[in-house]
Amino acid sequence: MKTTISFKRASQIDKPFLLVLRKASMTEHLEKAGLVLNDEQHFQRIDEFFTDSHIIYKDNEQIGLVKFALLDDRLHIRQFQILPAFHNCGIGTRVLSLLKKKAQERNLAITLNVLLANPALKLYQRQGFQIENETQLEYQMRWLPSIDKH
């Protein structure tokens with residue numbers, strides 16, 4: 001049976017899941033970057049641009065979050081998290097492919113930021129994202145429809 005990946009706009013009742021997800025998927029990478037956050041600080045990040053939040057479902061199970069904005073000049077991925085139990089299953093690739101299709105239909109680039117020590121960097125590079133800038137904390141990356149090889 002084929003696995004279905006779908007999205008649903010997040011609502012207030014999803015916030016407990018989003019806290020669990022954020023802590024499970026981000027704590028290690030944040031700590032490597034020297035950032036130790038308490039629950040209140042995690043909730044601040046969850047609440048930031050909350051209307052851009054979409055829960056990722058594998059079949060009918062909540063497994064992640066993609067928070068993105070369709071801006072005039074690009075699609076910007078604000079946050080992208082998948083529960084660690086679902087890493088390395090091709091789900092990240094499928095989600096990015098759907099977002100790339102959405103961007104390509106509108107002839108838009110995709111931008112995102114990823115922490116320096118986050119292994120998701122490799123996923124983004126495999127998907128054609130290029131590093132445009134580097135700060136002390138993260139890489140700023142861009143995908144352009146014209147250079148995509150996928």
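Asp52 touches Arg9, Val66, Lys67, Phe68, Ala69 and Arg78, leaving aside neighbours within four places in sequence. Contact here means heavy atoms within 4.5 Å. Asp52 sits in the loop between α2 (39-47) and β2. Asp52 is buried, at 15% relative accessible area. Buried means under 20% relative accessible area, exposed means over 50%, and partly exposed lies in between (1.4 Å probe, protein chains only).

This is a predicted model, in which local features need pLDDT of at least 70 and side-chain atom pairs count only at pLDDT 80 or more, while totals for chains, interfaces and linings use all residues. Residues are numbered from 1 along each chain as its sequence is written, and side-chain values use heavy atoms, with hydrogens and water left out.

Now the sheet. Seven strands form an open, mixed sheet in the order β1-β2-β3-β4-β5-β7-β6. At its edges stand β1 (5-9) and β6 (130-134); each has a single partner strand, so one side of each is left without a neighbour in the sheet. On average, neighbouring strands of this sheet are turned by 30° against each other, direction ignored. Helices (H or I, at least four residues) and strands (E, at least two) are DSSP runs, numbered from the N terminus. Two strands pair if DSSP finds at least two bridges between them. Strands of a sheet pair through backbone hydrogen bonds, either parallel or antiparallel. β1 and β2 (residues 53-58) pair in the antiparallel sense, over five bridges. Ser6 stands opposite Tyr57 in β2.

Helix α3 (residues 91-105) lies across β1, β2, β3 (61-70), β4 (74-82), β5 (109-115) and β7 (138-143). Its direction is at about 165° to β4. Axes are lines fitted to C-alpha atoms, for helices over the stretch in contact, and angles run from 0 to 180 degrees between N-to-C directions.

In soluble globular proteins, nonpolar side chains tend to be buried together. The largest nonpolar core has 37 residues, of which Leu18, Ile77, Phe80 and Tyr124 touch the most other members. At least two residues of this core come from each of α1 (15-32), β2, β3, β4, α3, β5, α4 (120-126) and β7. Helix α3 gives the most, with five residues. A nonpolar core is a set of buried Ala, Val, Leu, Ile, Met, Phe, Trp, Tyr and Cys residues joined through side-chain atoms within 4.5 Å. Leu18 is in contact with Ala10, Ile46, Phe50, Ile55 and Leu65, not counting residues up to four places away in sequence.

Charged pairs follow. The structure holds nine salt bridges. A salt bridge is a side-chain nitrogen of Lys or Arg within 4 Å of a carboxyl oxygen of Asp or Glu. One joins Arg45 to Glu48, with the closest N and O atoms 2.3 Å apart. Arg45 is partly exposed at 32% relative accessibility, and Glu48 is partly exposed at 34%. Another links Arg74 and Asp73 at 3.3 Å, N to O. Here Arg74 is partly exposed at 23%, whereas Asp73 is exposed at 51%. Glu105 and Arg106 also meet in a salt bridge, at 3.8 Å, N to O. Glu105 is exposed at 58%, while Arg106 is partly exposed at 40%.

Last, Ser146. This residue lies in the segment after β7. Ser146 is exposed, at 69% relative accessibility. Ser146 and Ala109 are 37 residues apart in sequence, and their C-alpha atoms are 9.1 Å apart in space.
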